[in-house]
Amino acid sequence: MTPTTAPHDLVGIGIGPFNLSLAALAHPLTGLDAVFYDQRPAFHWHPGLLIDGARLQVPFLADLVTLADPTSDWTFLNYLRTRERLYPFYFSEHFHIQRTEYDAYCRWVSENLPTLRFGHQVDAVRFNPEHGVFEVDHTHLGPDGEAQALGRARTKNLVLGIGTEPYVPDSLKPLVGTPGAPVLHAADYLDRRAELLTAGHVTVVGTGQSGAEIFLDLLRHRPAGRERLHWIGRTEAIAPMEYSKLGLEHFTPDYTRYFHALPENVRDRLVPAQWQLHKGVDADTLAALHDELYRHSLDGGWPDAVLAPGVRVRTAGRVATTQVELHLEHTEQNTRSRLTTDAVVLATGYRERPLDHLLGGLDPYLRRDNANRPRIDERFRILLDPTVTTAGCHLYVQNAETHTHGVGAPDLGLAAWRSATILNTLTGTDPYPLPRRTAFTTFGLEQPRPRIPSAREATVLIPLADTL
């Protein structure tokens, strides 16, 4: 039976900041039929980590649209204008805004875009070779989370923006969510904060930015001399994030294109080696931490707070349900010890959500690399079998391409550029002209040959060898 309705031009799965950026930039493009689905009832950005005073680690210009279209209706400055807060923001002289304000800005955008469908859970994705379209099965959820209706969308282009999920080390997984002393991921910190503030002893695991912010918040609200805090992490030092101006050029389109052109084995070696570009702690947080520790020492004693980098949790278990025992190892000393604590907060970061479950129906069409990961071309398209691409169907990803595009994949500062790249490729009209050069650094010995993604180029199949 032939469908009676034309397929969408674009269906987005997931409405986090990256697909919200895409939706905002797609909004003024007349003739582009787009819709975005998310199973959550509304937009909310890392609500468990919206700690009072915590700031974004990127400037406010890294909003959803500005770096692709500063004249857009959806800029952060226009959000301030609608709230009559431009002058207060101007006089505040803050280049880095608070996370709570970024969350409020994104919610303002999400509440005003007509193409967003919250409360819609995507159940399956497949390719229909007879009609040359992707099919997206979804369930409309009610306010109570129960299924209300089933639906199916057809589209020529899919964009996956399903985001990341909290990472819990294997040694601690059996303890999370079980009765007794709380063991929780940092994603749930604010929900359990009152409980943590009254716990006898608290251990924070993970010495990155979120670990630093949580440790600082606990330190500020526990009495001097009776802080009873431990902060441990695997990294050899509580290290500052690389935030020099030239260092930040690793988060430019120039570096992204350079990284993408490297051999797969070189890319895999580089990503973990560049951890300090995105997993360190910003200098202001480190300074605030030291100031707070110093304040707690003003009565002449050292605060009851242990900061111990270079320590990993080997195993863990509960002690009569009221406490947790952590078995620790110092990686440089090769020594081991035990720590008994009343609560554990895992600031152990996030990982890209696996795509295999969602893309199970497309698996026969996917092209994979030596590590069985999807191959992704320069324009953020997963490489698919020609039977799909010759039908004019493409599958794009947002923040699932660190292995092909580098450490900038999860960075908010590249969101608008990536969204513009996708829309330019998809529409064939280049609605968002992209810069030819974005960094003073020349990455590589050869002079870079600008490759500005443009859908006006003839559609060709990219040989797999060229993407290695």
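**Entry 1: the β13 pairing**

I began at V311, which stands opposite H330 in β14. I then looked up the neighbours: β13 is joined to strand β14 (residues 323-330) by 8 bridges, and the two run antiparallel. For my bookkeeping, strands (E, at least two residues) and helices (H or I, at least four) are DSSP runs numbered from the N terminus, and two strands pair if DSSP finds at least two bridges between them.

A note on provenance: this is a predicted model, where local features need pLDDT of at least 70 and side-chain atom pairs count only at pLDDT 80 or more, while totals for chains, interfaces and linings use all residues. Residues are numbered from 1 along each chain as its sequence is written, and side-chain values use heavy atoms, with hydrogens and water left out.

Which order do the strands of this sheet take? I found an open sheet of 3 strands, β13-β14-β15, with antiparallel pairing. Its edge strands, β13 (311-319) and β15 (335-341), each pair on one side only. I noted an average twist of 20° from one strand to the next.

**Entry 2: α5 against α6**

Next I turned to helix α5 (residues 189-198) and helix α6 (residues 209-220), which pack at an angle of about 35° with their axes 11 Å apart. Axes here are lines fitted to C-alpha atoms, for helices over the stretch in contact, and angles run from 0 to 180 degrees between N-to-C directions. From α5, the residues in contact (heavy atoms within 4.5 Å) are Y189, R193, L196 and L197, and they meet I214, D217 and L218 of α6.

**Entry 3: α7 inside**

Is helix α7 buried or exposed? I counted 7 of the 8 residues of α7 (residues 253-260) as buried, so the helix is largely enclosed by the rest of the structure. Buried means under 20% relative accessible area, exposed over 50%, and partly exposed in between, with a 1.4 Å probe and protein chains only. The buried set is P253, D254, Y255, T256, R257, F259 and H260. I looked for what covers them and found, among others, α8 (264-273), α11 (402-405) and α12 (415-427).

**Entry 4: the whole chain**

Along its principal axes the C-alpha trace spans about 75 × 50 × 50 Å. Of the 468 residues, 51% are buried. Among contacts with a separation of 6 or more, 70% come from residues 24 or more positions apart.
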